[in-house]
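Hello,

Here is the structure for your files. My notes follow below it.

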Amino acid sequence: MRRTTNSIPKLHVRKGDTVKVLSGDDRNKTGRVLAVYPKKQTALVEGVNLVTKHLKPSQANPEGGRNEQEAPIRVAKLQIVDPKTGQGTRIGRTKTEKGWARVTKKSGTTLSENN
């Protein structure tokens, strides 16, 4: 029997988490995760990795112009921020009555249930 692997990896970052950027131009910035793309292993973080998008004039926007928006960033460069301490922390998983829960390694705070 051939061994199979999960084609979509499970990531430590989820939508709504507060994260800290570990490397790159936006190092040490924090923001909320807006979207996660598991297949590409990237996430969209509020206020981080901003790029300028040039808009052509259209009926809705006759002037055209430039728009600043977030671009996806690799999840390997992101670390969860502990709600108690406000510092970056790693994530562990523990079994509870309801199912699996994400727990921070620094303070042991439960982030979310049924993961």
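The backbone nitrogen of Lys106 lies 3.2 Å from a polar atom of the Thr89 side chain. For the backbone nitrogen of Lys105, the distance to a polar atom of that side chain is 3.4 Å. This is a predicted model, with local features needing pLDDT of at least 70, side-chain atom pairs counting only at pLDDT 80 or more, and totals for chains, interfaces and linings using all residues. Residues are numbered from 1 along each chain as its sequence is written, and side-chain values use heavy atoms, without hydrogens and water.

Thr89 sits in strand E8 (residues 88-89); strands are DSSP runs of at least two residues, numbered from the N terminus. Leaving aside neighbours within four places in sequence, Thr89 is in contact (heavy atoms within 4.5 Å) with Gln79, Ile80, Val81, Asp82, Thr104, Lys105 and Lys106.

Not counting residues up to four places away in sequence, Val45 touches Val19, Gly31, Arg32, Val33, Glu70, Ile73 and Leu78.

Overall, the protein has 11 strands and 0 helices. Of its 115 residues, 30% count as buried. The C-alpha atoms fill a box of roughly 55 × 45 × 25 Å along the principal axes.

Best wishes

Conventions. Helices (H or I, at least four residues) and strands (E, at least two) are DSSP runs, numbered from the N terminus. A polar contact is a pair of N or O atoms within 3.5 Å; within protein, one must be able to donate a hydrogen and the other to accept it, and residues adjacent in sequence count only if both atoms are side-chain atoms. Buried means under 20% relative accessible area, exposed over 50%, partly exposed in between (1.4 Å probe, protein chains only).
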